[in-house]
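Here is a walk through a two-chain story, one piece at a time. Have the viewer open and follow along.

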Amino acid sequence: MSSYSITEPSTPQKWFAGTLVVAYAIITLLPLVWIITTGFKSPVDAIAYPPKVLFEPSLEGYVNLFTTRTRVSPETLEALPPPESWYEEIVRNRDMVIAGPSRYGERFLNSVIIGFGSTFLSVFLGTLAAYAFSRFKVPLKDDLLFFILSTRMMPPIAVAIPIFLMFRTLGLSDTHLGMILLYTAVNISLAVWLLKGFIDEIPREYEEAALIDGYTRFQAFYKVVLPQAATGIASTAIFCLIFSWNEYAFAVLLTSGTAQTAPPFIPTIIGVGGQDWPAVAAGATLFLVPVMVFTILLRKHLLRGITFGAVRK
Amino acid sequence: MAEIIIKNLRKNFGDFTAVQSSSFKIEDGEFFMLLGPSGCGKTTTLRMIAGLELPTAGEIYIDGEEVSQKPARQRDIAFVFQMFALYPHMNVRKNISYPLVSQGMAKAQIKEKVAEVSRILGIEDILDRPVGGLSGGDRQRVALGRAIVREPKAFMMDEPLGALDAEFRERMAEELRALHDRMGATTIYVTHDQLEAMQMGDKIVVMNHGVIEQFGTPQDIYDKPATMFVADFIGSPSMNFLRFHGQVHTGATSIRMHHVDLSVPAVREPFEGDMVYGIRPEHIALSDSSESRGEVVAAEYLGTTQIVTVKTASGNLKARISSDQPVRSGEQVGLAFNGATATLFDNQSGKALRSDLNEGVLAHV
């Protein structure tokens, strides 16, 4: 047991701490609120100066995000049958017709495949490697661990050109597999180190008890160690997902069509004519949802993961 | 149930030798103690027998079968860990039934077995509780339940009482011994607590620095120590050592120390050089007629007995005498040694010299 003070803070101290927390929350949440509200503004409101805090909500940004539209002459518009849906009506109010769906859905799906795929692979490989490093006599263990860590000692983008050439030669450019492998390679060092810390903390006796109780090493691993490491696996998965989900530079460089993820796509929504900020904001808002949901689902584990090691048993 | 034979068992961790060529035999149904200070290799020896550590060299026979290189799961033994190592994500019932699940036993049969074991251990009412909130004693019982439910050939216990508080430890020690007597299973028990070893064990192996110092019944080990280490480690207060220089011939029944003759059990080997006269505190009495004199330094009252520390020409001695006898600090007293119980040691090697007292016992080493 450590000997920290457990005295109740005084009222001014509490007020000070409270103010600090609220101020910090405002600073961090304000941009988020701005993005989310912009998604529901009309293009005019979005660029109004002074900025509008109160506005008439509109779904135009979301309609524009998911569709491609063509401008038509008023005569053609007149000649058309009446709009069949609410989103067609929104588009026609701007003298346009829907030409087809946009690529956002496809790009979003790419992000999901690549983000979750690489997260799964990083955590899967990371757990196995971390277990081996934690429990077995691996020759050159310390050197290998240092090597794994050293892959993150420079920004990954510094090796963008060799990776670009490599991907081109191997035919991995603009493929889902290529992006999954790349993000896994970047994340794996974090995964191995984080998970090794967690697995080191699990007493060996649990596995040994299972070995004696008639289980093989692998059964002991997945029946006894894995449930114990759930906290670590969850927090590692969140970190890996956040990285691969948000990654922009490599996505721009290595994907253009089939495997393009959402981050490089969202800026292209802005269009060539007017600047369609609501559509960009809508794209960004939707893009936030999966990571938020994932984090909320695992937050119980994450919280334990963050305070991990803080309490001595 | 099984007999366990250890032959020339050795374990190196890199350059460090944890266990040096050990051999001993554990009879079927014996409660066997591995005793020694921490780092002496007792736990490593136990882990090798259990299959959690592979020996560098040597053989282990469980029930006649050589198992030294086999994985733990093929040895049919149970292990009770110091920290209990109950699976934290399972409740009590699941913990106890886990070894049976691995054997693919039918559910109904598992249920029956678990019920039987929990009745023996008196833990029927906590079967559906998670293990996290259990008291130390209940955890211990669950760990025992997990061990006995499978009816293994032998039990290994690594300081199973070490994590319990003193009060509870005594009760669990009794429960453990009663359980052993009821099941008659071969048990190997590791401890650093000499009292625990004496109290529970049928036989004791005393280890130090990876070497077996002595192997025998608690009485033999206490009364006829093979080495000065054993004499010192066992007993509280430990054996008195009086160092002197001299020689003994075969058949001698007394030694001369500081111009006083002290009787010893008939010596069976001649020796000349630095020797140690070892005598237990309870074999020293206060006697005014004795030639050996000393000054009382302190007296510790222990209820029925008291430990009197006496300063003599050969150093401080501790005597355990009846509390009825009044003793004052600073008082001059005479000391009478019960020579029939004394052991002579070679001061250099620490080994006991053979005598009529310990002849049979030393042959084991």
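## A walk through the chains

B:D220 counts as partly exposed because it has 19 C-beta neighbours inside 10 Å; the label covers whatever falls between buried, with 20 or more other C-beta atoms within 10 Å of a residue's own, and exposed, with 12 or fewer, where C-beta atoms are placed from the backbone. Before going on, a word on ground rules: this is a predicted model, in which local features need pLDDT of at least 70 and side-chain atom pairs count only at pLDDT 80 or more, while totals for chains, interfaces and linings use all residues. Residues are numbered from 1 along each chain as its sequence is written, and chains are lettered from A and ligands numbered from 1 in the order in which they are written.

Back to B:D220, then. This residue is found in helix α7 of chain B, residues 218-223. Helices here are DSSP runs of H or I with at least four residues, strands are runs of E with at least two, and both are numbered from the N terminus. If you look from B:D220 to B:D181, 39 residues apart along the chain, you'll find 22 Å between the two C-alpha atoms.

Now zoom out to chain B as a whole. Its C-alpha atoms fill a box of roughly 75 × 45 × 35 Å, taken along the principal axes. Chain B holds nine helices and 20 strands, and 43% of its 365 residues are buried. What share of its contacts between residues at least 6 apart in sequence joins residues at least 24 apart? For chain B that comes to 65%, with two residues in contact if their C-beta atoms, placed from the backbone, lie within 7 Å.

Chain B is divided into domain 1 (4-223) and domain 2 (245-359), bounds that come from an automatic or database domain assignment. The C-alpha centres of these two domains of chain B lie 39 Å apart. UniProt, in an unreviewed entry, places the feature "domain: ABC transporter" at residues 4-234 of chain B; its positions are given in the numbering used here, feature names are shortened, and annotations may be inferred rather than shown by experiment. Over residues 4-234, chain B is 37% helix and 26% strand, and the end C-alpha atoms are 25 Å apart.

Next, a sheet in chain B. Four strands form an open sheet with antiparallel pairing, in the order β2-β1-β4-β5, where two strands pair if DSSP finds at least two bridges between them. Which strands sit at the edges? They are β2 (16-26) and β5 (65-66) of chain B, each of which pairs on one side only. Strand β4 (residues 57-62) of chain B runs antiparallel to β5(B), with two bridges joining them, and B:Y61 stands opposite B:E66 in β5(B). Helix α1 (residues 42-50) of chain B packs on this sheet, touching β1 (4-13), β2 and β4 of chain B, and its direction makes about 115° with that of β1(B). Axes are lines fitted to C-alpha atoms, for helices over the stretch in contact, and angles run from 0 to 180 degrees between N-to-C directions.

Further along chain B, take a look at strand β19 (residues 332-337). Its covered face has B:V333, B:L335 and B:F337, while B:Q332, B:G334 and B:A336 make up the uncovered one. Strand β15 (residues 284-286) of chain B is joined to β19(B) by three bridges, and the two run antiparallel; here B:A285 stands opposite B:A336. Strand β16 (residues 292-301) of chain B also pairs with β19(B) in the antiparallel sense, over four bridges, and B:G294 stands opposite B:V333.

How do the chains meet? The contact takes 17 residues from chain B and 14 residues from chain A. On the chain B side, β6 (77-80) and α2 (92-102) each supply at least two residues. The residues of that side divide into 13 nonpolar, three polar and one charged; Ala, Val, Leu, Ile, Met, Phe, Trp, Tyr, Cys and Pro count as nonpolar, Asp, Glu, Lys and Arg as charged, and the others, Gly among them, as polar.

Over in chain A, there's a division into domain 1 (11-39) and domain 2 (105-306). Their C-alpha centres lie 30 Å apart, and the contact between them takes four residues from domain 1 of chain A and six from domain 2 of chain A.

Last stop: A:C240, in helix α12 (residues 230-246) of chain A. A:C240 counts as buried because it has 27 C-beta neighbours inside 10 Å. Leaving out residues up to four places away in sequence, A:C240 touches A:T119, A:S122, A:V123, A:N187, A:L190 and A:A191.
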